[in-house]
Amino acid sequence: MANLRLMITLITVLVYLLPSFAKSSESTKVITLPKSLNLTLLTDPSTISTASHDYGNVTTVTPGGVLCPSSSAEISRLLRYAANGETIFQVAARGQGHSLNGQASVSGGVVINMTCLADITVSEDKEYADVAGGTLWVDVLRETAEQGVSPVSWTDYLHISVGGTLSNAGIGGQMFRNGPQISNVLELDVITGKGETLACSPQLNPELFYGVLGGLGQFGIISRARIVLNHAPKRAKWFKMLYSDFTAFTKDQESLISMNNDTGVDYVEGQLLMSNGIVDTSFFPPSDQSKVADLVKNHSIIYVLEVAKYYDDPTVPTTGQVIDKLTKTLSYLPGFISMHDVPYFDFLNRVQVEEDKLRSLALWEVPHPWFNLYVPKTQILDFHNGVVKDILLKQNSTSGVALFYPTNRNKWDNRMSAMIPDENVFYVVGLLQSASSQNVQEVESVNEAIIRFCKDSDIKIKQYLMHFTRKEDWVGHFGSKWGAFSKRKDLFDPKKLLSPGQDIF
Ligand code: FAD
(Lines give C-alpha, C1' and ligand atoms only; values in the text may rest on other atoms or scores of the structure.)
Protein backbone atom coordinates (compact mmCIF):
# COMPACT_ATOMS: atom_id res chain seq x y z
CA MET A 1 0.00 0.00 0.00
CA ALA A 2 1.14 3.50 -0.85
CA ASN A 3 4.61 4.67 -0.05
CA LEU A 4 6.49 2.22 2.10
CA ARG A 5 9.59 4.32 2.44
CA LEU A 6 8.50 5.48 5.86
CA MET A 7 8.99 1.98 7.14
CA ILE A 8 12.72 2.22 6.70
CA THR A 9 13.37 4.28 9.74
CA LEU A 10 12.67 3.52 13.38
CA ILE A 11 13.44 -0.10 12.60
CA THR A 12 17.13 -0.34 13.13
CA VAL A 13 19.47 -3.06 14.19
CA LEU A 14 16.68 -4.56 16.27
CA VAL A 15 15.18 -6.26 13.27
CA TYR A 16 18.15 -8.52 12.96
CA LEU A 17 17.22 -10.09 16.26
CA LEU A 18 14.98 -13.11 16.26
CA PRO A 19 11.30 -12.21 15.93
CA SER A 20 9.08 -13.15 18.85
CA PHE A 21 6.21 -15.04 17.33
CA ALA A 22 2.84 -14.37 18.87
CA LYS A 23 1.11 -17.42 17.39
CA SER A 24 3.08 -20.55 16.91
CA SER A 25 1.95 -23.99 15.90
CA GLU A 26 4.41 -26.73 15.18
CA SER A 27 3.34 -29.58 12.97
CA THR A 28 3.73 -33.10 14.26
CA LYS A 29 1.55 -34.76 11.67
CA VAL A 30 3.09 -36.57 8.73
CA ILE A 31 0.72 -36.77 5.80
CA THR A 32 1.11 -39.82 3.64
CA LEU A 33 -0.87 -39.76 0.44
CA PRO A 34 -1.65 -43.02 -1.35
CA LYS A 35 0.43 -43.60 -4.49
CA SER A 36 -2.75 -43.85 -6.54
CA LEU A 37 -3.38 -40.14 -6.00
CA ASN A 38 -0.22 -39.39 -7.96
CA LEU A 39 0.49 -36.22 -5.99
CA THR A 40 3.84 -35.18 -4.60
CA LEU A 41 3.93 -33.27 -1.35
CA LEU A 42 7.03 -31.18 -0.74
CA THR A 43 8.32 -31.55 2.78
CA ASP A 44 11.87 -30.18 2.62
CA PRO A 45 12.71 -27.74 5.44
CA SER A 46 13.04 -24.71 3.19
CA THR A 47 9.63 -25.19 1.54
CA ILE A 48 7.96 -25.90 4.89
CA SER A 49 9.59 -22.89 6.48
CA THR A 50 8.40 -20.57 3.70
CA ALA A 51 4.86 -21.93 3.95
CA SER A 52 4.92 -21.49 7.75
CA HIS A 53 5.45 -17.73 7.63
CA ASP A 54 3.76 -14.79 6.05
CA TYR A 55 4.19 -11.07 5.51
CA GLY A 56 2.85 -10.27 8.98
CA ASN A 57 5.88 -12.08 10.42
CA VAL A 58 4.21 -12.55 13.78
CA THR A 59 3.08 -16.16 13.41
CA THR A 60 4.53 -19.57 12.64
CA VAL A 61 1.95 -22.06 11.42
CA THR A 62 3.68 -25.18 10.16
CA PRO A 63 2.03 -27.35 7.50
CA GLY A 64 2.72 -31.04 7.01
CA GLY A 65 3.42 -30.62 3.30
CA VAL A 66 3.17 -28.30 0.33
CA LEU A 67 1.60 -29.14 -3.00
CA CYS A 68 2.86 -27.33 -6.08
CA PRO A 69 0.03 -28.32 -8.44
CA SER A 70 0.63 -28.74 -12.15
CA SER A 71 -3.11 -28.52 -12.86
CA SER A 72 -6.31 -27.65 -11.03
CA ALA A 73 -7.25 -31.34 -11.32
CA GLU A 74 -4.48 -32.08 -8.81
CA ILE A 75 -6.10 -29.71 -6.30
CA SER A 76 -9.43 -31.38 -6.88
CA ARG A 77 -7.88 -34.84 -6.31
CA LEU A 78 -6.25 -33.71 -3.10
CA LEU A 79 -9.46 -32.18 -1.76
CA ARG A 80 -11.55 -35.18 -2.73
CA TYR A 81 -9.12 -37.38 -0.85
CA ALA A 82 -9.06 -35.06 2.18
CA ALA A 83 -12.86 -34.93 2.23
CA ASN A 84 -13.42 -38.66 1.76
CA GLY A 85 -10.22 -40.34 2.87
CA GLU A 86 -9.42 -41.87 6.23
CA THR A 87 -6.65 -39.40 6.94
CA ILE A 88 -8.21 -36.08 7.85
CA PHE A 89 -6.09 -33.04 7.09
CA GLN A 90 -6.98 -29.46 6.28
CA VAL A 91 -5.91 -27.48 3.26
CA ALA A 92 -4.92 -23.86 2.71
CA ALA A 93 -4.45 -22.18 -0.63
CA ARG A 94 -1.52 -19.78 -0.55
CA GLY A 95 -0.88 -16.99 -3.04
CA GLN A 96 2.14 -14.99 -2.03
CA GLY A 97 1.52 -15.51 1.69
CA HIS A 98 1.09 -11.77 2.10
CA SER A 99 -1.42 -12.37 4.87
CA LEU A 100 -0.74 -10.92 8.29
CA ASN A 101 -1.65 -13.63 10.83
CA GLY A 102 -1.17 -17.09 9.37
CA GLN A 103 -4.35 -17.03 7.26
CA ALA A 104 -2.64 -18.76 4.32
CA SER A 105 -1.18 -21.67 6.27
CA VAL A 106 -2.51 -24.72 8.07
CA SER A 107 -1.08 -26.50 11.04
CA GLY A 108 -0.18 -30.05 10.05
CA GLY A 109 -2.19 -29.88 6.83
CA VAL A 110 -1.40 -29.18 3.19
CA VAL A 111 -0.57 -25.77 1.79
CA ILE A 112 -1.29 -25.44 -1.91
CA ASN A 113 1.19 -23.12 -3.56
CA MET A 114 -1.20 -21.45 -5.99
CA THR A 115 1.57 -19.54 -7.74
CA CYS A 116 2.49 -22.86 -9.42
CA LEU A 117 -0.66 -22.28 -11.50
CA ALA A 118 -0.22 -18.88 -13.13
CA ASP A 119 -1.77 -18.18 -16.50
CA ILE A 120 -3.45 -15.29 -18.33
CA THR A 121 -5.56 -15.44 -21.48
CA VAL A 122 -7.05 -12.26 -22.88
CA SER A 123 -10.33 -12.81 -24.76
CA GLU A 124 -10.46 -12.07 -28.48
CA ASP A 125 -12.70 -9.04 -27.96
CA LYS A 126 -10.36 -7.93 -25.12
CA GLU A 127 -13.30 -7.46 -22.77
CA TYR A 128 -11.99 -9.86 -20.16
CA ALA A 129 -9.04 -12.04 -19.19
CA ASP A 130 -9.20 -15.57 -17.83
CA VAL A 131 -6.58 -15.70 -15.11
CA ALA A 132 -5.39 -18.64 -13.01
CA GLY A 133 -5.90 -18.06 -9.26
CA GLY A 134 -2.20 -17.99 -8.41
CA THR A 135 -1.30 -15.34 -10.97
CA LEU A 136 0.17 -12.15 -9.56
CA TRP A 137 -1.61 -8.90 -10.39
CA VAL A 138 1.63 -7.42 -11.67
CA ASP A 139 1.74 -10.13 -14.34
CA VAL A 140 -1.90 -9.53 -15.23
CA LEU A 141 -1.07 -5.86 -15.74
CA ARG A 142 2.03 -6.61 -17.82
CA GLU A 143 0.23 -9.07 -20.09
CA THR A 144 -2.97 -7.08 -20.59
CA ALA A 145 -1.28 -3.68 -21.02
CA GLU A 146 0.83 -5.15 -23.79
CA GLN A 147 -2.46 -5.75 -25.60
CA GLY A 148 -3.75 -2.25 -24.86
CA VAL A 149 -6.18 -3.28 -22.11
CA SER A 150 -6.16 -3.43 -18.34
CA PRO A 151 -8.23 -4.45 -15.31
CA VAL A 152 -10.02 -1.45 -13.83
CA SER A 153 -9.54 -1.90 -10.09
CA TRP A 154 -6.19 -2.23 -8.37
CA THR A 155 -4.60 -2.80 -5.01
CA ASP A 156 -1.73 -0.44 -4.21
CA TYR A 157 0.71 -3.34 -4.33
CA LEU A 158 0.72 -5.76 -7.27
CA HIS A 159 2.84 -8.69 -6.08
CA ILE A 160 -0.16 -10.40 -4.58
CA SER A 161 -2.26 -13.10 -6.16
CA VAL A 162 -5.60 -12.85 -7.92
CA GLY A 163 -7.11 -15.63 -5.74
CA GLY A 164 -5.72 -13.98 -2.57
CA THR A 165 -7.19 -10.53 -3.19
CA LEU A 166 -10.52 -11.91 -4.44
CA SER A 167 -10.77 -13.85 -1.18
CA ASN A 168 -10.53 -10.54 0.70
CA ALA A 169 -11.80 -7.70 -1.55
CA GLY A 170 -8.88 -6.06 -3.37
CA ILE A 171 -9.20 -2.41 -2.47
CA GLY A 172 -7.46 0.73 -3.66
CA GLY A 173 -7.81 4.23 -5.03
CA GLN A 174 -9.74 3.25 -8.18
CA MET A 175 -12.60 1.55 -6.33
CA PHE A 176 -14.60 4.74 -5.71
CA ARG A 177 -15.33 4.61 -9.43
CA ASN A 178 -15.10 0.91 -10.37
CA GLY A 179 -15.64 -0.92 -7.11
CA PRO A 180 -13.13 -3.27 -5.48
CA GLN A 181 -11.56 -6.14 -7.43
CA ILE A 182 -14.32 -8.50 -6.26
CA SER A 183 -16.82 -6.29 -8.12
CA ASN A 184 -14.97 -6.71 -11.39
CA VAL A 185 -15.16 -10.47 -11.83
CA LEU A 186 -17.50 -12.06 -14.35
CA GLU A 187 -17.12 -15.72 -13.41
CA LEU A 188 -14.94 -18.09 -11.45
CA ASP A 189 -13.86 -21.72 -11.45
CA VAL A 190 -13.86 -22.91 -7.87
CA ILE A 191 -12.77 -26.22 -6.34
CA THR A 192 -14.96 -26.71 -3.30
CA GLY A 193 -14.05 -28.38 -0.04
CA LYS A 194 -15.63 -31.57 -1.44
CA GLY A 195 -13.19 -31.53 -4.36
CA GLU A 196 -15.83 -30.63 -6.97
CA THR A 197 -14.83 -28.11 -9.63
CA LEU A 198 -17.69 -25.71 -10.31
CA ALA A 199 -17.93 -22.78 -12.66
CA CYS A 200 -19.90 -19.97 -11.07
CA SER A 201 -21.16 -16.51 -11.94
CA PRO A 202 -24.14 -14.31 -11.00
CA GLN A 203 -26.27 -16.67 -13.16
CA LEU A 204 -24.58 -20.02 -12.54
CA ASN A 205 -24.13 -21.30 -8.97
CA PRO A 206 -24.57 -17.74 -7.63
CA GLU A 207 -24.43 -18.91 -4.02
CA LEU A 208 -20.85 -20.11 -4.55
CA PHE A 209 -19.88 -17.10 -6.69
CA TYR A 210 -20.97 -14.48 -4.16
CA GLY A 211 -19.77 -16.60 -1.25
CA VAL A 212 -16.24 -16.89 -2.59
CA LEU A 213 -15.87 -13.15 -3.32
CA GLY A 214 -14.50 -11.81 -0.05
CA GLY A 215 -15.10 -15.28 1.41
CA LEU A 216 -11.66 -15.61 3.06
CA GLY A 217 -10.98 -18.89 1.28
CA GLN A 218 -13.76 -20.66 3.18
CA PHE A 219 -15.87 -22.14 0.38
CA GLY A 220 -13.46 -23.17 -2.32
CA ILE A 221 -10.19 -22.57 -4.06
CA ILE A 222 -10.33 -20.13 -6.96
CA SER A 223 -8.55 -21.79 -9.86
CA ARG A 224 -9.67 -19.29 -12.52
CA ALA A 225 -11.16 -15.82 -12.47
CA ARG A 226 -12.62 -13.95 -15.43
CA ILE A 227 -11.54 -10.34 -14.88
CA VAL A 228 -13.16 -7.32 -16.54
CA LEU A 229 -10.84 -5.34 -18.82
CA ASN A 230 -11.00 -1.86 -20.25
CA HIS A 231 -8.73 0.39 -22.29
CA ALA A 232 -5.24 0.72 -20.76
CA PRO A 233 -4.24 4.36 -20.63
CA LYS A 234 -0.65 5.22 -21.47
CA ARG A 235 0.30 7.56 -18.67
CA ALA A 236 -0.83 9.04 -15.34
CA LYS A 237 -0.54 12.52 -13.93
CA TRP A 238 -0.01 11.75 -10.26
CA PHE A 239 -0.53 14.52 -7.68
CA LYS A 240 0.01 14.96 -3.97
CA MET A 241 -1.40 18.00 -2.18
CA LEU A 242 -1.07 18.91 1.47
CA TYR A 243 -3.73 20.07 3.93
CA SER A 244 -3.50 21.19 7.54
CA ASP A 245 -7.26 21.20 8.03
CA PHE A 246 -8.96 17.81 8.33
CA THR A 247 -12.40 19.04 7.29
CA ALA A 248 -11.05 20.73 4.15
CA PHE A 249 -9.12 17.54 3.33
CA THR A 250 -12.07 15.18 3.66
CA LYS A 251 -14.42 17.65 1.90
CA ASP A 252 -12.13 17.66 -1.13
CA GLN A 253 -11.68 13.88 -1.06
CA GLU A 254 -15.44 13.36 -0.88
CA SER A 255 -16.04 15.83 -3.67
CA LEU A 256 -13.52 14.03 -5.91
CA ILE A 257 -15.10 10.62 -5.40
CA SER A 258 -18.52 12.02 -6.28
CA MET A 259 -17.47 13.23 -9.76
CA ASN A 260 -18.16 11.26 -12.89
CA ASN A 261 -15.68 9.78 -15.31
CA ASP A 262 -15.37 12.78 -17.63
CA THR A 263 -15.02 15.53 -15.07
CA GLY A 264 -13.13 13.64 -12.41
CA VAL A 265 -9.89 11.86 -11.65
CA ASP A 266 -9.22 8.11 -11.83
CA TYR A 267 -7.62 7.47 -8.47
CA VAL A 268 -8.14 9.04 -5.04
CA GLU A 269 -6.31 8.10 -1.88
CA GLY A 270 -4.83 9.98 1.08
CA GLN A 271 -2.32 9.64 3.87
CA LEU A 272 -1.51 11.14 7.23
CA LEU A 273 1.89 12.61 8.02
CA MET A 274 2.39 12.84 11.77
CA SER A 275 5.10 14.62 13.72
CA ASN A 276 5.81 11.47 15.76
CA GLY A 277 6.43 9.46 12.58
CA ILE A 278 8.89 9.65 9.76
CA VAL A 279 7.91 12.26 7.24
CA ASP A 280 8.61 11.18 3.70
CA THR A 281 8.96 14.32 1.61
CA SER A 282 10.49 12.65 -1.43
CA PHE A 283 7.48 13.20 -3.71
CA PHE A 284 8.14 16.93 -3.48
CA PRO A 285 10.99 18.68 -5.28
CA PRO A 286 14.20 18.90 -3.21
CA SER A 287 13.75 22.67 -2.82
CA ASP A 288 10.38 22.13 -1.04
CA GLN A 289 11.24 19.15 1.13
CA SER A 290 12.33 21.05 4.22
CA LYS A 291 9.19 23.22 3.97
CA VAL A 292 7.05 20.07 3.99
CA ALA A 293 8.94 18.71 7.00
CA ASP A 294 8.49 22.03 8.85
CA LEU A 295 4.80 22.02 8.04
CA VAL A 296 4.39 18.64 9.74
CA LYS A 297 6.45 19.81 12.72
CA ASN A 298 4.31 22.93 13.13
CA HIS A 299 0.90 21.34 12.66
CA SER A 300 1.57 17.87 14.18
CA ILE A 301 -0.63 16.31 11.48
CA ILE A 302 -0.64 17.04 7.77
CA TYR A 303 -3.10 15.36 5.41
CA VAL A 304 -1.92 14.28 1.98
CA LEU A 305 -4.47 14.11 -0.81
CA GLU A 306 -3.23 11.78 -3.53
CA VAL A 307 -4.93 11.67 -6.93
CA ALA A 308 -4.16 10.48 -10.43
CA LYS A 309 -5.61 11.28 -13.82
CA TYR A 310 -4.87 8.80 -16.57
CA TYR A 311 -4.39 9.91 -20.15
CA ASP A 312 -3.19 8.85 -23.59
CA ASP A 313 -2.70 12.10 -25.40
CA PRO A 314 -1.65 15.18 -23.42
CA THR A 315 -3.21 17.47 -26.01
CA VAL A 316 -6.76 16.20 -25.49
CA PRO A 317 -8.53 19.11 -23.73
CA THR A 318 -10.43 17.10 -21.07
CA THR A 319 -7.23 15.98 -19.32
CA GLY A 320 -6.07 19.58 -19.07
CA GLN A 321 -9.51 20.74 -17.92
CA VAL A 322 -9.68 18.17 -15.13
CA ILE A 323 -6.20 19.05 -13.95
CA ASP A 324 -6.94 22.76 -14.13
CA LYS A 325 -10.04 22.28 -12.05
CA LEU A 326 -8.08 20.20 -9.56
CA THR A 327 -5.33 22.67 -9.04
CA LYS A 328 -7.66 25.70 -8.94
CA THR A 329 -10.63 24.54 -6.90
CA LEU A 330 -9.24 22.27 -4.21
CA SER A 331 -8.40 23.80 -0.82
CA TYR A 332 -4.87 22.46 -0.28
CA LEU A 333 -2.27 24.71 1.29
CA PRO A 334 -1.12 27.11 -1.41
CA GLY A 335 2.13 25.97 -2.99
CA PHE A 336 2.01 22.50 -1.45
CA ILE A 337 1.23 20.52 -4.55
CA SER A 338 3.54 18.25 -6.52
CA MET A 339 2.91 16.32 -9.74
CA HIS A 340 4.74 13.39 -11.34
CA ASP A 341 3.97 12.41 -14.92
CA VAL A 342 4.60 8.66 -15.16
CA PRO A 343 3.79 5.64 -17.36
CA TYR A 344 0.55 3.88 -16.33
CA PHE A 345 2.49 0.71 -15.46
CA ASP A 346 4.90 2.57 -13.18
CA PHE A 347 2.06 4.36 -11.43
CA LEU A 348 0.25 1.11 -10.64
CA ASN A 349 3.47 -0.67 -9.72
CA ARG A 350 4.71 2.21 -7.54
CA VAL A 351 5.10 0.22 -4.33
CA GLN A 352 7.62 -2.10 -6.02
CA VAL A 353 10.25 0.63 -5.80
CA GLU A 354 9.73 0.79 -2.05
CA GLU A 355 9.83 -2.99 -1.71
CA ASP A 356 13.16 -3.16 -3.53
CA LYS A 357 14.57 -0.51 -1.23
CA LEU A 358 13.32 -2.19 1.94
CA ARG A 359 14.57 -5.59 0.80
CA SER A 360 18.02 -4.18 0.08
CA LEU A 361 18.11 -2.92 3.68
CA ALA A 362 16.74 -6.22 5.08
CA LEU A 363 13.69 -4.26 6.29
CA TRP A 364 11.02 -6.08 4.30
CA GLU A 365 10.81 -9.17 6.45
CA VAL A 366 10.06 -7.49 9.75
CA PRO A 367 6.87 -7.88 11.82
CA HIS A 368 3.90 -6.04 10.29
CA PRO A 369 1.13 -5.57 12.85
CA TRP A 370 -1.03 -3.87 10.21
CA PHE A 371 -4.51 -2.71 11.03
CA ASN A 372 -7.06 -1.97 8.31
CA LEU A 373 -10.47 -0.49 8.93
CA TYR A 374 -13.49 0.89 7.17
CA VAL A 375 -15.12 3.84 8.96
CA PRO A 376 -18.55 5.29 8.06
CA LYS A 377 -18.38 8.81 6.65
CA THR A 378 -20.70 10.29 9.30
CA GLN A 379 -18.33 9.13 12.03
CA ILE A 380 -15.00 9.99 10.43
CA LEU A 381 -14.53 13.23 12.37
CA ASP A 382 -15.10 11.46 15.70
CA PHE A 383 -12.73 8.74 14.55
CA HIS A 384 -10.12 11.31 13.57
CA ASN A 385 -10.35 13.13 16.89
CA GLY A 386 -10.45 10.03 19.06
CA VAL A 387 -8.00 7.83 17.17
CA VAL A 388 -5.64 9.97 15.14
CA LYS A 389 -5.30 12.86 17.58
CA ASP A 390 -5.87 11.16 20.92
CA ILE A 391 -4.29 7.76 20.34
CA LEU A 392 -1.85 7.75 17.41
CA LEU A 393 -0.39 11.22 17.87
CA LYS A 394 0.15 10.52 21.56
CA GLN A 395 2.47 7.58 20.90
CA ASN A 396 6.17 8.32 21.30
CA SER A 397 6.69 7.25 17.73
CA THR A 398 4.90 5.64 14.82
CA SER A 399 6.40 3.94 11.80
CA GLY A 400 5.04 3.06 8.40
CA VAL A 401 2.23 4.53 6.38
CA ALA A 402 -1.23 5.69 7.49
CA LEU A 403 -3.72 5.56 4.63
CA PHE A 404 -6.90 7.59 4.85
CA TYR A 405 -9.38 7.88 1.97
CA PRO A 406 -13.10 7.65 1.24
CA THR A 407 -14.87 5.41 -1.22
CA ASN A 408 -18.38 4.70 -2.50
CA ARG A 409 -20.47 1.77 -1.39
CA ASN A 410 -22.58 1.61 -4.55
CA LYS A 411 -20.15 -0.67 -6.42
CA TRP A 412 -20.18 -3.36 -3.70
CA ASP A 413 -22.75 -6.12 -4.03
CA ASN A 414 -24.27 -7.06 -0.69
CA ARG A 415 -24.57 -10.70 -1.80
CA MET A 416 -20.76 -10.99 -1.65
CA SER A 417 -19.18 -12.20 1.58
CA ALA A 418 -17.07 -9.03 2.03
CA MET A 419 -18.31 -6.77 4.82
CA ILE A 420 -18.37 -2.97 4.72
CA PRO A 421 -20.11 -0.27 6.77
CA ASP A 422 -23.73 0.48 6.14
CA GLU A 423 -23.30 3.96 4.63
CA ASN A 424 -23.05 5.18 1.05
CA VAL A 425 -19.59 6.61 1.65
CA PHE A 426 -17.04 5.10 3.99
CA TYR A 427 -13.36 5.64 4.67
CA VAL A 428 -10.48 3.21 4.31
CA VAL A 429 -8.01 3.63 7.15
CA GLY A 430 -4.84 1.56 6.85
CA LEU A 431 -2.38 1.80 9.73
CA LEU A 432 0.48 -0.03 8.08
CA GLN A 433 3.11 -0.07 10.77
CA SER A 434 6.38 -1.93 10.69
CA ALA A 435 7.74 -3.18 13.97
CA SER A 436 10.63 -4.98 15.55
CA SER A 437 10.41 -8.05 17.75
CA GLN A 438 10.74 -5.65 20.68
CA ASN A 439 7.80 -3.38 19.95
CA VAL A 440 5.36 -5.52 17.98
CA GLN A 441 3.18 -6.08 21.04
CA GLU A 442 3.16 -2.38 21.78
CA VAL A 443 1.81 -1.66 18.29
CA GLU A 444 -0.74 -4.43 18.65
CA SER A 445 -1.94 -2.94 21.91
CA VAL A 446 -2.42 0.43 20.18
CA ASN A 447 -4.55 -1.36 17.57
CA GLU A 448 -6.58 -2.88 20.39
CA ALA A 449 -6.99 0.53 22.02
CA ILE A 450 -8.41 1.82 18.72
CA ILE A 451 -10.95 -1.01 18.61
CA ARG A 452 -11.93 -0.28 22.22
CA PHE A 453 -12.31 3.41 21.50
CA CYS A 454 -14.54 2.70 18.49
CA LYS A 455 -16.64 0.28 20.50
CA ASP A 456 -17.05 2.68 23.42
CA SER A 457 -17.89 5.56 21.06
CA ASP A 458 -20.25 3.41 18.98
CA ILE A 459 -18.22 4.05 15.81
CA LYS A 460 -19.37 1.31 13.50
CA ILE A 461 -16.09 0.18 11.98
CA LYS A 462 -15.56 -2.95 9.93
CA GLN A 463 -12.11 -4.49 9.82
CA TYR A 464 -10.36 -5.56 6.61
CA LEU A 465 -7.73 -8.36 6.45
CA MET A 466 -8.77 -8.98 10.03
CA HIS A 467 -7.90 -11.86 12.25
CA PHE A 468 -10.28 -12.67 15.07
CA THR A 469 -9.63 -15.48 17.47
CA ARG A 470 -13.06 -15.52 19.11
CA LYS A 471 -16.11 -16.85 17.34
CA GLU A 472 -18.26 -14.03 18.73
CA ASP A 473 -16.04 -11.50 16.91
CA TRP A 474 -16.61 -13.28 13.61
CA VAL A 475 -20.34 -13.42 14.27
CA GLY A 476 -20.26 -9.68 15.07
CA HIS A 477 -18.20 -8.96 11.96
CA PHE A 478 -20.62 -10.68 9.60
CA GLY A 479 -23.68 -9.43 11.49
CA SER A 480 -26.86 -10.31 9.60
CA LYS A 481 -24.77 -12.20 7.00
CA TRP A 482 -23.39 -14.69 9.52
CA GLY A 483 -26.24 -17.16 8.96
CA ALA A 484 -25.68 -17.18 5.18
CA PHE A 485 -21.90 -17.40 5.65
CA SER A 486 -22.17 -20.49 7.90
CA LYS A 487 -24.75 -22.08 5.63
CA ARG A 488 -22.41 -21.69 2.65
CA LYS A 489 -19.67 -23.35 4.69
CA ASP A 490 -21.92 -26.35 5.37
CA LEU A 491 -22.85 -26.50 1.71
CA PHE A 492 -19.43 -26.17 0.06
CA ASP A 493 -16.95 -27.29 2.71
CA PRO A 494 -18.90 -29.42 5.20
CA LYS A 495 -15.76 -31.02 6.66
CA LYS A 496 -14.31 -27.54 7.28
CA LEU A 497 -11.10 -28.29 5.47
CA LEU A 498 -10.40 -24.97 3.77
CA SER A 499 -8.31 -22.01 4.96
CA PRO A 500 -8.42 -22.90 8.65
CA GLY A 501 -5.82 -20.19 9.33
CA GLN A 502 -8.66 -17.66 9.22
CA ASP A 503 -9.86 -19.21 12.53
CA ILE A 504 -13.55 -18.82 11.68
CA PHE A 505 -14.96 -22.34 12.04
P1 FAD B 1 -2.42 -15.13 0.75
O2 FAD B 1 -1.93 -14.34 1.89
O3 FAD B 1 -1.54 -16.20 0.25
O4 FAD B 1 -3.86 -15.68 1.03
C5 FAD B 1 -4.89 -14.90 1.61
C6 FAD B 1 -6.09 -15.77 1.98
O7 FAD B 1 -6.74 -16.18 0.79
C8 FAD B 1 -5.74 -17.04 2.73
O9 FAD B 1 -6.79 -17.35 3.60
C10 FAD B 1 -5.65 -18.08 1.62
O11 FAD B 1 -5.90 -19.38 2.10
C12 FAD B 1 -6.70 -17.59 0.66
N13 FAD B 1 -6.38 -17.86 -0.73
C14 FAD B 1 -5.23 -17.60 -1.39
N15 FAD B 1 -5.35 -17.96 -2.68
C16 FAD B 1 -6.58 -18.43 -2.84
C17 FAD B 1 -7.31 -18.97 -3.94
N18 FAD B 1 -6.77 -19.09 -5.15
N19 FAD B 1 -8.57 -19.39 -3.73
C20 FAD B 1 -9.16 -19.30 -2.51
N21 FAD B 1 -8.52 -18.81 -1.44
C22 FAD B 1 -7.26 -18.38 -1.61
N23 FAD B 1 -4.83 -5.51 -0.13
C24 FAD B 1 -5.71 -4.67 -0.70
O25 FAD B 1 -6.88 -5.00 -0.81
N26 FAD B 1 -5.30 -3.46 -1.17
C27 FAD B 1 -4.01 -3.05 -1.12
O28 FAD B 1 -3.68 -1.97 -1.58
C29 FAD B 1 -3.06 -3.94 -0.54
N30 FAD B 1 -1.76 -3.61 -0.46
C31 FAD B 1 -0.86 -4.47 0.10
C32 FAD B 1 0.49 -4.10 0.19
C33 FAD B 1 1.40 -4.98 0.71
C34 FAD B 1 2.85 -4.58 0.75
C35 FAD B 1 0.97 -6.23 1.20
C36 FAD B 1 1.94 -7.18 1.79
C37 FAD B 1 -0.36 -6.59 1.17
C38 FAD B 1 -1.28 -5.71 0.62
N39 FAD B 1 -2.64 -6.03 0.54
C40 FAD B 1 -3.53 -5.17 -0.04
C41 FAD B 1 -3.16 -7.23 1.20
C42 FAD B 1 -3.41 -8.38 0.27
O43 FAD B 1 -4.62 -8.17 -0.42
C44 FAD B 1 -3.52 -9.62 1.11
O45 FAD B 1 -2.27 -9.91 1.61
C46 FAD B 1 -4.15 -10.79 0.40
O47 FAD B 1 -4.19 -11.83 1.33
C48 FAD B 1 -3.47 -11.23 -0.88
O49 FAD B 1 -2.20 -11.74 -0.68
P50 FAD B 1 -1.77 -13.15 -1.24
O51 FAD B 1 -2.11 -13.26 -2.67
O52 FAD B 1 -0.37 -13.36 -0.83
O53 FAD B 1 -2.75 -14.12 -0.45
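The model is predicted. It holds 24 salt bridges and 31 aromatic pairs.

**Salt bridges across the chain**

- Arg488 and Glu207 form a salt bridge through their side chains, at 3.0 Å from N to O.
- This pair links distant parts of the chain: Arg488 belongs to helix 15 (residues 482-492) and Glu207 to helix 6 (residues 206-212), 281 residues apart.
- Arg488 has a relative accessible area of 9%, and buried means under 20%, so Arg488 is buried.
- Glu207 is partly exposed, at 39% relative accessible area.
- Arg235 and Asp341 also meet in a salt bridge, with an N to O distance of 2.9 Å.
- Here, too, distant parts of the chain are linked: Arg235 is in strand 13 (residues 235-243) and Asp341 in strand 16 (residues 337-343), 106 residues apart.
- Arg235 is partly exposed at 29% relative accessibility, and Asp341 is partly exposed at 30%.

**A further salt bridge and a network**

- The side chains of Arg470 and Glu472 form a salt bridge of 3.5 Å, N to O.
- Arg470 counts as partly exposed, with 41% relative accessibility.
- Glu472 has a relative accessible area of 53%; the cut-off for exposed is over 50%, so Glu472 is exposed.

**Aromatic pairs**

- The ring centres of Trp137 and Trp154 are 5.8 Å apart, and their planes stand at 75 degrees, so this pair is edge-to-face.
- Trp137 lies in helix 3 (residues 137-146), while Trp154 lies in the loop between strand 9 (149-151) and helix 4 (162-166); the pair links distant parts of the chain, 17 residues apart.
- Trp137 and Trp154 are both buried.
- Tyr374 and Phe426 make an edge-to-face pair, 5.1 Å centre to centre with 65 degrees between the planes.
- Tyr374 is in strand 17 (residues 371-376) and Phe426 is in strand 19 (residues 425-432), so the pair ties together parts 52 residues apart in sequence.
- Tyr374 and Phe426 are both buried.

**Aromatic cluster and charge over a ring**

- One aromatic cluster is formed by Phe219, Phe468, Trp474, Phe478, Trp482, Phe485 and Phe505.
- Arg350 places its charged end over the ring of Phe347, 4.5 Å from the ring centre.

Key:
Residues numbered from 1 in each chain as written. Predicted model: local features only at pLDDT ≥ 70, side-chain atom pairs only at ≥ 80, totals over all residues. Heavy atoms only, no water. Salt bridge = Lys/Arg side-chain N within 4 Å of Asp/Glu carboxyl O. Helix = DSSP H or I, 4+ residues; strand = E, 2+ residues; numbered from the N terminus. Buried < 20%, exposed > 50% of the residue type's maximum accessible area, 1.4 Å probe, protein only. Phe/Tyr/Trp six-rings, centres within 6.5 Å; stacked < 30°, edge-to-face > 60°. Lys NZ or Arg CZ within 6 Å of the ring centre and 35° of its normal.
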